[in-house]
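Me: Hi! Could you walk me through a few side chains in this one?
Reply: Happy to, here it is.

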Amino acid sequence: MLRIGELAKRADCQVQTIRFYEAEGLLQEPARSEGNFRLYEEHHLERLLFIRRCRSRDMTLDEIRNLLTFRDRPELDCGEVNELVDAHIVQVRSKIRELKALEQQLIELRHSCDTVRSAKECGILHGLAQAL
């Protein structure tokens, strides 16, 4: 049995993160000690690590909820899991395009001020003051 602080340490996350996942219904509520401390088991750690791995891949809470449904019911076919990941790949590719466009805008902005000048002559500040 693990207390919440030990679970957080083993999962390399904050205690508030664990409470948040419990409130969202992603992590089952643990048993309580006589002193009302949360007591987690190994399956809580495994589930928390699964959630954290999903979050590290920028998956939404709804996507994680869906994946957990399949994880909890291993007899189901994983076609929907594949579809979920395919849709997530499309979203990631879209974000990459947006970030590349942002990078180009920032490069152009940086080129507008290639020498040190007074702030009133700064091309970056002037560029940011203009409407797109």
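**Side chains and their surroundings**

Reply: Let's start with Leu49, which is found in helix α3, residues 42–56. Helices here are DSSP runs of H or I with at least four residues, strands are runs of E with at least two, and both are numbered from the N terminus. This is a predicted model, where local features need pLDDT of at least 70, side-chain atom pairs count only at pLDDT 80 or more, and totals for chains, interfaces and linings use all residues. Residues are numbered from 1 along each chain as its sequence is written, and side-chain values use heavy atoms, with hydrogens and water left out.

Me: Thanks! What does Leu49 contact, leaving aside neighbours within four places in sequence?
Reply: Leu49 is in contact with Arg10 and Ala11 on that basis, contact being heavy atoms within 4.5 Å. The C-alpha atoms of Leu49 and Ala11 are separated by 6.1 Å, while the two residues are 38 apart along the chain.

Me: Is Leu49 buried, exposed or partly exposed?
Reply: Leu49 has a relative accessible area of 26%, so it is partly exposed. The scale is buried under 20%, exposed over 50% and partly exposed in between, with a 1.4 Å probe and protein chains only.

Me: Switching topic: where is Glu63, and which side chain of opposite charge is nearest?
Reply: Glu63 lies in helix α4, residues 61–72. Glu63 is buried and has no salt bridge, and the nearest side chain of opposite charge is Arg55, 6.8 Å away. A salt bridge needs a side-chain nitrogen of Lys or Arg within 4 Å of a carboxyl oxygen of Asp or Glu. For charge, Lys and Arg count as positive and Asp and Glu as negative, with His and the chain ends not counted.

Me: Which side chain makes a polar contact with the side chain of Glu63?
Reply: That would be His88, at 3.2 Å. A polar contact is a pair of N or O atoms within 3.5 Å; within protein, one must be able to donate a hydrogen and the other to accept it, and residues adjacent in sequence count only if both atoms are side-chain atoms.

Me: And how many aromatic pairs does a search of the whole structure find?
Reply: The search finds one. The rings of Phe20 and Tyr21 have centres 5.8 Å apart and planes at 55 degrees, so the pair is tilted. Rings of Phe, Tyr and Trp (its six-membered ring) pair if their centres lie within 6.5 Å; planes under 30 degrees apart are stacked, over 60 edge-to-face and the rest tilted.

Me: Why does Tyr21 count as buried?
Reply: Tyr21 counts as buried because its relative accessibility is 5%.
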